[in-house]
Amino acid sequence: MPAMKDSYIVKIAVEMTDQVPQLIEFNQKQPLAGIIQELCNGWHLSDPEQYALQFNDSNNRNYITEKNRNEIKNGSVLRLQYSPSKTAQDILQKLQAGSGEEKTHAMARLSNLSADMTFALDFINKQGLTLIIKQIESGKFKGAVLAHTLQSFVELMEHGIVSWDILNGDFINRVASFVNTQQEPEVTQAALSILENIVLNSSEGYGQVEREVPIGSLVGHLQETPVVQQNAVALINALLLRADSAKRRQLAQTLASKQVRSVIQNHILQTGAAKGAEMAHQLYVLQTLMLGLLEQRMVTKMDPQDQDGHDKIKELRRIAFDSEGAGGARGPGGFTRDYKKLGFKNDINPALDFTETPPGLLALDCMVYFARNHPDSYTKLVLENSCRADEHECPFGRASVELVRILCELLKIGEAPSEQGASFQPLFFTHDSPFEECFCICIVLLNKTWKEMRATSEDFGKVASVVREQIVRALDVSPASLEQLKVKLQTLTYSDITQLWQLERTSREEWESHARPIVELREQITPDILNLIKQQRLAFLVDGTRFTKYSARGQRIKDKFWYIRLSPNHKVLHYGDCDEKSAPTTEELPSKLAVADIRALLVGRDCPHMRARKASHQLAFSLALESVDLQSLDCVAPDEMTFAYWTDGINALLGQRMVSKETDRDLDTLLSMEIKLRLLDAEGVTVPQDPPPIPPEPPHYHFCYDLK
């Protein structure tokens with residue numbers, strides 16, 4: 001019996017200003033009102049309903065409610081404070097009728113308390129948000145008070161209690177003026193955050209923000225503090241997302257200018273500001289949106305009546321061959337010969353080469369860009385192949401179409417930005433036409449690889465796969481400039497790629513064998529390998545992961561993180577808030593959840609926090625719980641590997657099969673290694689597909705030795 005009692009009781013300390021702390025036994029089964037009544041009696045306080053308990057950690061000052069009381073642990077130190085309702089009323093009175101100093105103090109308190117959902121509900125219900133909006137519109141506050149006011153507004157709105165559509169034009173004008181004028185960094189970062197949310201979440205607000213905030217103001221903020229920088233990039237991304245096609249192109253043209261690129265280079269990429277998780281995400285979104293402008297050309301087929309397209313094809317021929325001095329004398333037959341030398345599949349009508357999407361007309365645009373901006377390299381490449389023996393010439397036209405298709409696939413052109421994506425290429429912020437410049441570098445690489453392989457037209461697919469691998473491995477190191485990309489690609493020769501492929505191929509040969517002894521060996525050791533993978537997944541959960549916070553409506557909350565890790569005995573999940581770089585221990589995480597309480601694992605659209613979203617989130621997963629207080633624990637993994645490891649680990653804890661692609665990949669790799677190790681003694685021996693037949697029985701057994 002005592003053990004059962006102890007499981008519901010934790011020993012804690014409770015502090016109160018100007019009072020001697022009390023050491024009490026906190027019974028989780030007892031109503032909070034009863035515990036507060038006893039504490040008030042101990043300090044001789046009347047009106048216990050005006051008081052509430054509050055966490056007293058540096059990163060957690062939330063009020064304690066029936067929903068979060070299970071976060072209280074042995075040794076916790078709590079504070080007895082005025083209740084959220086009374087505190088909200090006191091702050092409102094000070095803001096409405098207090099002196100200047102009282103208003104300043106009240107606003108500072110409000111900015112600290114607004115992140116607490118319990119307080120926010122009381123404050124909004126007492127028309128506190130309406131008062132804050134009016135005070136921001138009035139423009140009376142300056143400096144630190146204004147910063148606290150704007151931060152309080154952001155925190156209150158992020159709870160999703162009130163719609164962003166309630167804001168009128170005067171409010172948006174006032175906040176825009178804070179962005180367009182020189183202010184303290186805290187004011188600017190809060191104002192930028194408000195405008196970003198208005199653009200993304202208000203049905204009418206986008207147009208006004210787009211008119212009120214010139215792009216020049218936002219570029220200026222890219223030279224300020226890191227938080228202001230990332231909020232400025234986030235607002236630029238929001239404007240790009242909501243803009244129509246014409247405005248998006250106009251905005252992208254400004255962002256691609258040398259002035260803006262220099263600011264991003266000098267103040268973000270080279271200062272290390274891009275290493276932060278939030279800034280990396282915003283730069284990834286910016287890169288995705290800018291490259292996304294190529295989608296229209298990528299999915300557009302060439303129309304036979306498209307005069308501009310035909311003119312571009314003729315320009316390709318003219319730049320390559322008219323320098324020879326024979327351009328004026330060529331007839332239709334000469335044009336056909338030239339188009340054949342240019343490597344088009346359809347030399348009579350090259351326009352047919354651009355009817356496949358992707359890459360559509362984007363391939364023609366890249367070819368013309370190469371010819372116009374790098375005429376020497378273009379002419380050399382085309383004429384060099386014209387002089388080769390027919391079977392070894394690299395078809396420039398066909399190769400260009402395939403190369404643009406590869407680049408579109410690798411750079412995910414046309415795909416919407418992922419909410420967890422953080423992988424960007426710095427080189428795309430170094431040129432006003434980065435995609436086209438990449439093409440120019442890679443088409444020269446393709447020609448070089450073609451020569452190294454001594455390829456013929458029949459080897460076209462092989463050359464394309466080698467070039468794709470070269471580009472993938474070069475981009476993996478995130479080169480800082482186009483020149484670094486070119487140098488990296490030059491070092492990745494065909495022989496290097498074939499050596500890497502040979503290693504990968506030989507590592508698969510043994511275990512891919514379908515010989516019956518190998519199949520039986522694989523079946524025998526698979527359970528052990530799966531158990532090894534399970535242990536690795538659980539160890540990953542014990543190490544823990546930092547997740548980005550999402551609102552109840554499935555919206556990503558900037559710069560808010562929480563950490564979750566499994567206890568070493570695999571029985572409890574510990575979780576709690578953290579900052580961008582910390583990895584709290586289980587003792588530092590205030591909340592815990594028994595693994596036995598997990599009812600099921602939900603992924604994607606089935607997750608409660610993703611049901612309100614139009615598009616399902618591929619990296620979302622939720623733990624459905626038996627508990628009444630907490631229905632589910634909702635997460636969005638930072639990347640695909642983390643998603644796979646966590647879902648595998650939870651499935652392992654629930655006694656279910658691990659079903660991720662990572663498990664299949666790890667199983668293949670480890671099986672291959674284990675089988676190769678076990679077959680070392682049989683090296684050089686051919687393993688038969690079937691066991692040798694059992695010989696027939698002898699005609700008699702007279703050869704048996706008689707022991708008598």
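In this predicted model, the count of cavities of 30 Å³ or more comes to 1. The space inside the largest cavity is about 40 Å³, and the elements that give two or more residues to its lining are α22 (434-453), α23 (460-476) and α24 (482-491).

**The cavity and its lining**

- Rolling a probe the size of a water molecule over the atoms shows where empty space is left.
- The residues that line the largest cavity are Leu407, Leu411, Cys438, Cys442, Ile471, Leu475, Leu485 and Leu489.

- Met117, Leu121 and Ile161 together make a nonpolar surface patch of about 220 Å².
- Of these residues, Ile161 is located in the loop between α7 (143-158) and α8 (169-180).
- Ile161 has a relative accessible area of 30%, and is therefore described as partly exposed, since that term covers values between the limit of under 20% for buried and that of over 50% for exposed.

- Most residues other than glycine have a negative phi, and most peptide bonds are trans.
- The peptide bond that runs from Thr357 to Pro358 is cis, with omega near -15°, and Pro358 sits in the loop between α18 (332-341) and α19 (361-373).
- The peptide bond from Pro358 to Pro359 is likewise cis, with omega near 15°, and Pro359 also belongs to the loop between α18 and α19.

**Positive phi at residues other than glycine**

- Gln127, although it is not a glycine, has a positive phi of about 65°, and its place is in the loop between α5 (117-125) and α6 (128-138).
- Lys412 is not a glycine either, yet its phi is positive, at about 55°, and this residue is found in the loop between α21 (396-410) and α22.
- With a relative accessible area of 47%, Lys412 is classed as partly exposed, because a residue has to be over 50% to count as exposed.

Definitions and conventions. Residues are numbered from 1 along each chain as its sequence is written. This is a predicted model: local features need pLDDT of at least 70, side-chain atom pairs count only at pLDDT 80 or more; totals for chains, interfaces and linings use all residues. Side-chain values use heavy atoms; hydrogens and water are left out. Patches are made of residues with over 30% relative accessible area and no salt bridge: like charges are joined within 9 Å, nonpolar side chains (Val, Leu, Ile, Met, Phe, Trp, Tyr) within 5 Å. Accessible areas come from the Shrake-Rupley method with a 1.4 Å probe; for residues, only the protein chains shown count as cover. A salt bridge is a side-chain nitrogen of Lys or Arg within 4 Å of a carboxyl oxygen of Asp or Glu. Helices (H or I, at least four residues) and strands (E, at least two) are DSSP runs, numbered from the N terminus. Buried means under 20% relative accessible area, exposed over 50%, partly exposed in between (1.4 Å probe, protein chains only). On a 1 Å grid over the protein atoms alone, a cavity is a set of points where a 1.4 Å probe fits but cannot get out, and a pocket is an open set with protein on both sides within 12 Å along at least five of seven lines; lining residues have an atom within 4 Å of a point. Grid points are joined across faces, edges and corners, and a volume is the space filled by probe spheres set on the points.
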